[in-house]
Amino acid sequence: MSETQTTTIVYNDKITRQFIFASIAFGIIGMLVGVVIALQLAFWPANVGEYFSFGRLRPLHTNAVIFAFVGNMIFAGIYYSSQRLLKVRIVSDKLAAFHFWGWQAIIVSAVITLPLGLTQGKEYAELIWPIDIAIAVVWLSFAFNFFWMLKRRNEKQLYVALWFYIASIITITILHVVNSLAVPISMTQSYTLFGGVQDALVQWWYGHNAVAFFLTTPILGIMYYFVPKAADRPVYSYRLSIIHFWAIVFLYIWAGPHHLLNTALPDWAQTTGMVFSLMLWAPSWGGMLNGLLTLRGAWDKLRKDPVLKFYAAGITFYGMATFEGPLLSIKAVSSLAHYTDWIVAHVHAAALGWNGFMAAGMFYWLVPRLYGTKLHSREAANLHFYIGTFGLLLYVVSMWVAGITQGLMWRAELEGGGLQYTFIETLVKLRLMYWMRMIGGLMYLTGFIIMAWNLLKTVQNGEAVDGQVEVVTVGLKPEVGRKSWKELAFAQPMQVSALILVLTFVVGFSTGMASFGSIVILMCVFGLVILFQSVKQGGGGWHHIIEGRALFFSVLVILAVLIGGIAEIVPSIIAGPSAMRSTTNVPYTALELEGRDIYIAEGCYNCHSQMIRPFSWETARYGEPSTAEESIFDHPFQWGSKRTGPDLARVGTSRSASWHYEHMLDPRQTSPGSNMPSYTHMLTNTIDFGDTEGKMRGMSRVGVPYTIKEIQTASFSADAQAQLIVDELKGPPLSVDVAKNSELVALIAYLKRLGNPPPPPPDEEKEVATADETDNEADNSNAQEKK
């Protein structure tokens with residue numbers, strides 16, 4: 001052994017302070033936008049102008065709360081705790097600064113682009129493709145700094161919080177890259193690589209796991225670090241933390257399809273999502289109990305300590321959300337709850353109860369320490385807790401009542417047949433609950449503003465200080481008895497795990513993915529074996545060894561995540577070309593494609609679905625159940641996740657151009673009681689049909705079978721179809737004159753197409769353009785323009 005040396009490490013806590021106050025600032029903005037859109041649902045005149053309608057502001061609200069408020073909070077917690085758990089300073093201060101300012105620039109770009117209608121139309125992934133690339137670059141800078149710290153750490157063993165950080169960083173990278181695959185057609189627009197059923201599966205594989213690995217696992221890591229610190233107690237159970245972590249990482253990635261139950265998604269995928277969602281119940285509650293029981297022996301402090309109040313409430317909301325999530329993934333429950341405000345209640349209980357309260361607890365604990373002083377006012381912090389809790393409960397309960405009321409009224413049928421209520425009647429019935437939701441959200445925002453004031457006063461009472469630690473570094477000979485990668489990879493836990501996984505897939509696929517009882521049993525055995533092998537000999541077993549091997553640990557996380565993603569998504573991608581060749585559906589015309597782009601830009605998918613489920617009350621209201629083939633050319637898919645307005649999958653079979661014209665300009669004229677905003681700007685906003693050819697060429701590149709002739713004549717065909725609609729509007733009953741290149745005409749064309757496709761052309765006319773031909777044609781067109 002060589003000589004012992006002591007080194008003083010000064011942590012970079014400036015980056016933590018920056019992310020904390022960015023989180024608070026954007027949290028206020030995001031919640032304020034949330035209150036505004038809640039008001040818009042209760043009082044439609046609150047939709048002001050083209051840029052501040054519900055459809056454009058709702059994505060701004062979700063992005064601000066998820067990626068600006070919670071995202072900045074996550075980065076603050078990870079940077080603070082990782083340096084101390086690894087006993088190493090952030091390796092590159094410049095990279096950390098780039099991460100901070102890059103992330104804020106991304107958020108500002110979202111604030112600008114989303115109200116302008118620049119969106120990809122994918123829930124939780126609306127930002128346009130240049131911003132997607134920026135997100136990838138900034139996220140990788142964060143990942144590089146984090147894993148570089150792991151490499152240079154002065155603490156060999158990885159504490160449980162670090163496991164969750166590793167899983168979050170790795171999985172979000174995979175999710176973002178796959179879900180963002182698209183073909184750009186301009187600097188502000190692209191078409192997703194996947195379409196229809198494929199895109200639905202990929203989107204909710206991403207959407208659900210963005211919730212899992214951005215809003216859950218990093219916060220669990222923060223819980224495992226900050227709750228023991230605040231309570232001055234050790235984590236309740238090391239064993240429970242192991243089973244909690246690996247079960248969450250492996251099971252969560254499979255659960256995405258439960259967002260698509262009773263739709264045109266293949267049954268095997270729906271059942272897979274449902275079963276794995278139900279299996280998540282146990283490990284999620286295991287984590288909740290591990291967090292709450294860490295507070296044992298410190299319960300007396302809850303009466304006075306606002307930090308512990310927020311942590312206890314936040315962990316409780318986590319337990320409530322992870323009970324409700326699996327409940328909603330049961331097909332029978334989903335048939336009632338899906339598309340209703342019950343889902344809104346579930347999401348906000350998790351985002352504001354779990355994420356919001358954990359953030360508040362962390363901020364109240366951290367800021368005084370980062371400024372070497374005491375919290376300015378415990379009384380104000382306690383007031384924040386009670387106002388926030390009451391406001392959140394008012395919000396959640398009102399949306400539970402609204403959601404269950406919606407679901408029951410939608411399915412209410414008369415004894416002699418027919419539906420008991422119109423869609424508008426169900427909407428009018430909920431108006432009081434929408435006001436209660438707005439008041440609850442305003443109370444929660446008020447509590448948050450109180451916190452911002454309290455922390456600002458705390459900062460003024462102190463001075464910024466950076467933590468430091470004395471680290472003893474000992475020069476050692478190569479570790480004696482260090483196990484090789486091969487020994488770890490082929491250890492008994494890995495062998496048993498591999499065997500169980502193989503048996504699971506054999507049983508599942510050989511029975512058409514129907515024998516899920518066997519799968520559940522095998523997964524349970526898998527968990528028990530891993531738990532037993534990991535913690536034997538007082539924590540000195542196999543898992544204890546891999547906790548000291550950061551690279552090997554990270555590879556295992558990657559494998560656990562990829563298994564579920566590949567098993568669910570690859571079969572759908574493989575089946576895609578076959579479905580495309582056999583379809584009798586016809587792609588959108590040039591004008592319909594322009595109208596669809598407007599539909600997405602206005603955020604209509606936030607309020608309308610295009611998926612009729614196979615229930616008698618839905619078919620009686622909307623028509624025949626939707627099929628996978630009907631959305632095969634949708635890039636992105638438009639099945640929707642909420643019905644503030646009715647389903648539109650077959651609206652083209654029942655509404656005329658005149659009806660759509662009146663409805664878009666004054667929804668109350670055709671649907672008394674509607675809370676839909678007016679879209680008068682569509683009359684004056686125009687489309688350049690010269691750009692339509694490029695859009696069709698882009699759709700051709702993602703697999704839509706347009707012919708070369710259709711692409712070359714896009715502007716002419718759009719003009720001709722628009723003229724037909726203009727002529728129809730000139731006649732009775734309206735007799736109005738509309739510009740044929742107006743956005744309204746294109747949107748009408750798209751709406752009239754829904755559920756009403758033209759017959760397929762004869763086979764001899766199907767001269768489908770290949771990608772090479774499309775590119776060649778684009779080159780020729782550019783050459784002609786230069787001449």
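Q: Which residue of strand 3 stands opposite V183?

A: Strands are DSSP runs of E with at least two residues, and helices are runs of H or I with at least four, numbered from the N terminus. Here Y191 in strand 3 stands opposite V183. The model is predicted, so local features need pLDDT of at least 70 and side-chain atom pairs pLDDT 80 or more, while totals for chains, interfaces and linings use all residues. Residues are numbered from 1 along each chain as its sequence is written, and side-chain values use heavy atoms, without hydrogens and water.

Q: In what sense do strand 2 and strand 3 pair, and over how many bridges?

A: Two strands pair if DSSP finds at least two bridges between them. Strand 2 (residues 182-186) and strand 3 (residues 189-192) are antiparallel, with four bridges. Two residues form the hairpin that joins strand 2 to strand 3.

Q: What span does helix 9 reach?

A: The expected span is 1.5 Å times one less than the number of residues. Helix 9 (residues 267-279) has 13 residues and reaches 18 Å from first to last C-alpha, close to the 18 Å expected.

Q: Which residues in helix 9 are buried?

A: Buried means under 20% relative accessible area; exposed is over 50%, and partly exposed lies in between (1.4 Å probe, protein chains only). In helix 9 the buried residues include A269, M274 and F276.
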